[in-house]
Amino acid sequence: MSIEEGYRPLEPGVRTDFSRELDYAGYLDLDTLLSAQHPLSNPTHPDELLFVIQHQTTELWLKLMVHELVGARAFMATDDLARARKSLSRVKHILRTVTEQWSVLATLTPSEYAEFRDVLGPASGFQSVQYRAVEFLLGNKNAAMLKVFEAKPAARTFLADALESPTVYDAFLRLVARRGLPVPVEVLERDVTKPWVEQPALVPVFREIYEDTTRLWDLYETSEDLVDLEDAFQLWRFRHLRTVQRTIGFKRGTGGSSGVSFLKRALDLTFFPELITVRTEIGMP
């Protein structure tokens with residue numbers, strides 16, 4: 001038979017015997033991955049699987065984001081901007097993916113979600129240690145978040161490491177200083193456990209980068225990568241907010257937050273404020 005007769009025949013070289021060798025499912029540990037969905041509604045609500053998979057896949061992408069941001073920071077520490085930029089680019093694409101992923105969860109109507117929301121108890125995405133690690137790596141440090149993970153020592157240690165380590169922005173500014181630009185000493189020696197706050201003295205440094213692109217092209221391009229990253233992150237936050245509002249209106253979050261209003265306040269947070277402020281200065285006399 002041929003493909004015209006109803007099926008595509010296997011090519012002669014295709015492997016079919018994996019009784020003694022690693023196969024696709026084994027490499028990906030699919031038995032573990034595909035058995036990790038445990039809806040709690042009883043009887044099981046057909047839409048709870050969507051809710052579980054949506055959040056599990058987001059956690060997988062967050063894991064990769066942490067990996068890439070840590071990598072970008074390490075590459076910047078060794079002045080390897082080309083590889084750092086590749087990692088940042090990958091994170092931007094991940095953010096686009098998880099932003100579009102909200103459209104799948106948005107198919108869950110308020111009445112459907114209400115039928116199984118109670119089984120979540122106090123569980124909430126607010127408690128995602130990987131999400132907090134991403135925010136810490138980008139500069140939104142908050143030591144109070146460690147309390148959320150007191151009952152899980154491994155998670156607390158993981159987040160404490162992100163709290164006590166330099167951010168990606170710290171690593172970039174140190175690289176900029178090594179290139180001879182006047183990054184203030186107090187910025188280079190800041191307490192990295194504190195959240196980033198705008199440093200007006202950095203604006204002239206970025207103005208020089210943006211107005212001398214011939215000499216500082218790689219610093220200019222990396223600055224734009226960081227702006228792209230922040231824009232992508234904010235779009236993710238906004239799409240999250242709109243999906244929550246569409247699904248539960250203005251109810252309180254399962255984890256005890258105020259829900260939509262809490263998510264709205266996150267939109268006021270910024271990772272790299274000087275890269276926005278400098279835009280007002282560029283081209284001015």
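How many nonpolar, polar and charged residues are there in the lining of the second largest pocket?

Guide: The model is a predicted one. By class, the lining of the second largest pocket consists of five nonpolar, three polar and two charged residues. The pocket has a volume of about 210 Å³. Its lining is made up of Glu59, Gln127, Ser128, Val129, Gln130, Val148, Phe149, Ala151, Lys152 and Ala155.

Among the buried residues are the charged Arg132 and Glu135, along with Val129, Tyr131 and Phe136. The cover over the buried residues of α6 includes α3 (48–77), α7 (153–164), α8 (168–178) and α11. Just after the helix, Gly139 adopts a positive phi of about 120°.

A pair of aromatic rings is described by the distance of the centres and the angle of the planes. The count comes to 14 aromatic pairs. For Phe51 and Phe116, the ring centres are 5.9 Å apart and the planes stand at 70°; an angle over 60 degrees counts as edge-to-face, so this pair is edge-to-face. Phe51 belongs to helix α3 and Phe116 to the loop between α5 (110–114) and α6, so the pair ties together parts that are 65 residues apart in sequence. Both Phe51 and Phe116 are buried.

Another edge-to-face pair is formed by Tyr169 and Trp196, at 4.9 Å centre to centre and with 65° between the planes. Because Tyr169 lies in helix α8 and Trp196 in the loop between α9 (185–188) and α10 (203–211), this pair ties together parts that are 27 residues apart in sequence. Tyr169 and Trp196 are both buried. Ring pairs also place them in a cluster with Tyr131, Phe206, Phe233, Trp236, Phe271 and Phe272; of these, Tyr131 is one of the buried residues of α6.

Leaving aside residues up to four places away in sequence, Ile209 touches Val176, Leu181, Leu216, Leu219, Tyr220 and Ser223.

Conventions: Residues numbered from 1 in each chain as written. Predicted model: local features only at pLDDT ≥ 70, side-chain atom pairs only at ≥ 80, totals over all residues. Heavy atoms only, no water. 1 Å grid on protein atoms, 1.4 Å probe; cavity = no way out; pocket = protein on both sides within 12 Å on 5 of 7 lines; lining within 4 Å. Points joined across faces, edges and corners; volume = space filled by probe spheres on them. Contact = heavy atoms within 4.5 Å. Buried < 20%, exposed > 50% of the residue type's maximum accessible area, 1.4 Å probe, protein only. Helix = DSSP H or I, 4+ residues; strand = E, 2+ residues; numbered from the N terminus. Phe/Tyr/Trp six-rings, centres within 6.5 Å; stacked < 30°, edge-to-face > 60°.
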